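This report describes helix packing and a metal site. The sequence and the structure are shown first.

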Amino acid sequence: MSLFPSPCLLCGKAAYDSVCPECLARLSGEERLQRFSLPYLEGALTLFDYGHKSLMPLLFAAKDRGDHKIVLFFARLYAARRNELCAPIDLVTFAPRRKSSVWKNGFDQSAMLSEDFAALCGLPWQKVLRRRGFSRRQHGLAREARMQNAKNKFCVCRNVRGKTILLIDDVITTGATVASCAQALKEAGAAQVYAMALFRGGVL
Ligand SMILES: [Zn+2]
């Protein structure tokens with residue numbers, strides 16, 4: 001909540017928060033929680049249908065510009081649903097983007113999103129995963145190829161033994177990336193791994 005109004009991220013009307021109360025009420029009516037299973041994970045949860053007409057443009061704006069106001073708004077949507085997931089979380093983390101895209105954009109939106117979420121929920125946050133060397137872009141690859149491409153792409157650089165870990169991402173498409181992260185975490189001794197994302201499906 002700010003002292004002076006600024007345009008609502010969704011409708012542009014003056015608002016004292018990033019999104020006005022009307023838009024926020026409409027959004028909560030449009031939420032479609034989906035729980036599903038993925039290899040190496042105890043559970044995964046997404047909040048909205050892919051292609052949501054007002055959230056997708058925001059997601060692209062966050063990806064392109066790293067707009068912190070948008071990222072924080074998304075983090076609040078996740079935080080409102082943290083109890084839907086599972087047992088208590090010991091650590092929040094994220095799947096790091098390829099170095100080339102972080103260099104291009106100057107930020108990693110999943111890092112920002114997961115850190116904001118953890119701060120809102122009062123949970124510990126740490127970067128625990130690293131990308132191993134070269135990996136091809138997922139975009140444009142068929143599902144099988146994506147699964148193969150994502151395999152063993154991550155390594156764990158912190159002690160995660162016995163911990164319950166929550167991976168925060170923006171979109172879960174095939175799930176290959178989060179499954180690969182979860183595999184690395186499990187092999188490093190993590191007790192449980194969950195994932196939460198805004199959307200499920202689609203190809204970015
Ligand atoms: Zn609005």
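In helix α3, residues H68, V71, L72, F74, A75, R76, Y78 and A79 meet M112, L113, D116, F117, L120 and C121 of α5, contact being heavy atoms within 4.5 Å. These contact residues of α3 and α5 comprise 11 nonpolar, one polar and two charged; Ala, Val, Leu, Ile, Met, Phe, Trp, Tyr, Cys and Pro count as nonpolar, Asp, Glu, Lys and Arg as charged, and the others, Gly among them, as polar.

The model is predicted: local features need pLDDT of at least 70, side-chain atom pairs count only at pLDDT 80 or more, and totals for chains, interfaces and linings use all residues. Residues are numbered from 1 along each chain as its sequence is written, and side-chain values use heavy atoms, with hydrogens and water left out.

| Helix pair | Angle | Axis distance |
|---|---|---|
| α3 (residues 68–80) and α5 (residues 109–121) | about 55° | 8 Å |
| α2 (residues 55–65) and α3 | about 125° | 9 Å |

Helices α3 and α5 are therefore oblique to each other, as are α2 and α3; angles under 35 degrees count as roughly parallel, over 145 as roughly antiparallel, 65 to 115 as roughly perpendicular and the rest as oblique. On the α2 side, L55, L58, L59, A61, A62 and R65 meet I70, V71, F73 and F74 of α3. The residues of this contact of α2 with α3 are nine nonpolar, no polar and one charged.

The zinc ion is coordinated at 2.3 Å by the SG atoms of C8, C11, C20 and C23, donors being N, O and S atoms within 2.8 Å of the metal (3.2 Å for Na, K and Ca). Angles among the four donor atoms are 103 to 115°, and the zinc site is tetrahedral (four donors with all angles between 85 and 135 degrees). The donor residues follow the spacing C-x2-C-x8-C-x2-C. C11 lies in the loop between β1 (6–7) and β2 (14–15) and C23 in helix α1 (residues 21–30), so the pair ties together parts 12 residues apart in sequence.

Technical notes. Axes are lines fitted to C-alpha atoms, for helices over the stretch in contact, and angles run from 0 to 180 degrees between N-to-C directions. Helices (H or I, at least four residues) and strands (E, at least two) are DSSP runs, numbered from the N terminus. Four donors count as tetrahedral if all angles lie between 85 and 135 degrees; four count as square planar and six as octahedral if opposite donors are over 155 degrees apart and all others between 65 and 115; anything else is irregular.
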